[in-house]
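Please look through the structure below with attention to its charged side-chain pairs and to the confidence that accompanies them. The briefing that follows is grouped by topic.

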Amino acid sequence: MVKNKIKIAGIALFCAMLGIFGLSFCILPQKEYSDQENRLLQTRPKLVWEELFNGSYQEHYEAYLNDQLPDRDRWVQAAAKMEQWIGKREINGVYIGKDGYLLEKFDAIEYAPMQVKENTAFLSQFLNAAVKRYGKKRVSCIILPDKAGAMPDKLPPFAPGSVKAQQKAIERLKKSLDRPEILIDMQPELQKRQSEYIYYRSDHHWTTLGAYYAYCAWAKNTGHKACALGRFQIEAAFDDFYGTTYNKAHIRVPMDTVELFHSPYENGVTVDNGETVSDSFYFKKAAKVGFNRYDVFFSKNTAKIQISTTADTGRSLLVVKDSFANCFAPFLAGDYETITMVDCRYGNENVNAILKKQNEITDVLVLYNIRKFMQDKNLHKLDITADGMEEFDAESFFDE
């Protein structure tokens, strides 16, 4: 009798839970986007008879049930935590590293050899043509390692590294350059400083401190004088940042701090990111929307960002970049009157066409994270044959 009552109570509890979950799907508002996972969520699909018969409606509905699960973020975190408890050191392509670092796994299958070869050809041809036009002292290329390449000491034991594949790509690029000295490989320098806070724990980007060290290496390589670290007023703009690698693994690590390095040279700047015009490099309000605090730098990635400064140097810079350059560019405010930043992933304009239209440009910088460089399918916009730049040797004219 008692056993029957226990069984009945168990069945009633199970049915009640099913009823609550079912009711919650009807009552609770649907979420269209997950900040924690940085992706769009499947909302309730509309019934289309064709999709019902071919099975796609059922697939969409199953995805809807998964994505709209009540309190889903907590369930996702609990699942990730359980995987960590059973000893997994890699979750969804992210290594659980030392000192609270999450590091993206390097998977060779994600890097097509022909794409890497094509990107190397486009970039080297572009840089070689730029050296002929502006002179070797006015052209530079910074290639950055990923977090695992810069901070191998943070990797868990026996985690296969990505250093060899990255270095091979860099060496191939270097050999294809007429002036190999314009290439700045930041991996050795950053590895020396891997005990410092040079990459975010929960995001794939480097920190502003990491970008500062690259700025110092760039200044040394190009004959500029780097502004001493002590001259910057450092502001902790956010201390609650969970970034892209956290969004993949959902393993709780210490929140990251996003710092801004303020210098006198940023006063009087004008920034046009193609959507808004601002008197600052930093977009704090935009960064508070959603999860990505890194958006404090220029708000977002756009095809072109135009910067005007109060520097009286007679020099203007073109930066061909990925998102790593966003926190690097403010360091250049004292060196150039204008800075034009171009991201080949957005827009359709050929970079050489920009150079022809903006004939005030005197210097060129290419700044890429090695992963993005190897994967980017848009570097054909550097093709010098599509809208070739005029080639003449002005090195002696521009030498200081």
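Arg-371 has a relative accessible area of 7% in this predicted model, and it therefore counts as buried, the limit being under 20%. Its salt-bridge partner is Asp-146, with the closest N and O atoms 2.8 Å apart.

**The pair Asp-146 and Arg-371**
- Asp-146 is also buried, at a relative accessibility of 4%.
- The two residues connect distant parts of the chain, 225 residues apart: Asp-146 lies in the loop between β6 (139-144) and α6 (147-150), whereas Arg-371 belongs to helix α13 (residues 370-375).

**Other salt bridges**
- The whole structure contains 17 salt bridges, and one network of them links Lys-136, Arg-179 and Glu-181.
- Glu-189 pairs with Arg-193 in a salt bridge whose closest N and O atoms are 3.0 Å apart, with Glu-189 partly exposed at 24% and Arg-193 partly exposed at 26%.

**Confidence**
- The average pLDDT of the chain is 83, and 74% of the residues score at least 70.
- Among the elements, strand β9 (residues 256-262) has the highest mean pLDDT, 98, while helix α14 (residues 395-398) has the lowest, 39.
- Residues 388-400 have a pLDDT below 50, although this stretch has 27 contacts in the model beyond near neighbours in sequence.

Conventions: Residues numbered from 1 in each chain as written. Predicted model: local features only at pLDDT ≥ 70, side-chain atom pairs only at ≥ 80, totals over all residues. Heavy atoms only, no water. pLDDT = per-residue confidence, 0-100. Helix = DSSP H or I, 4+ residues; strand = E, 2+ residues; numbered from the N terminus. Contact = heavy atoms within 4.5 Å. Salt bridge = Lys/Arg side-chain N within 4 Å of Asp/Glu carboxyl O. Buried < 20%, exposed > 50% of the residue type's maximum accessible area, 1.4 Å probe, protein only.
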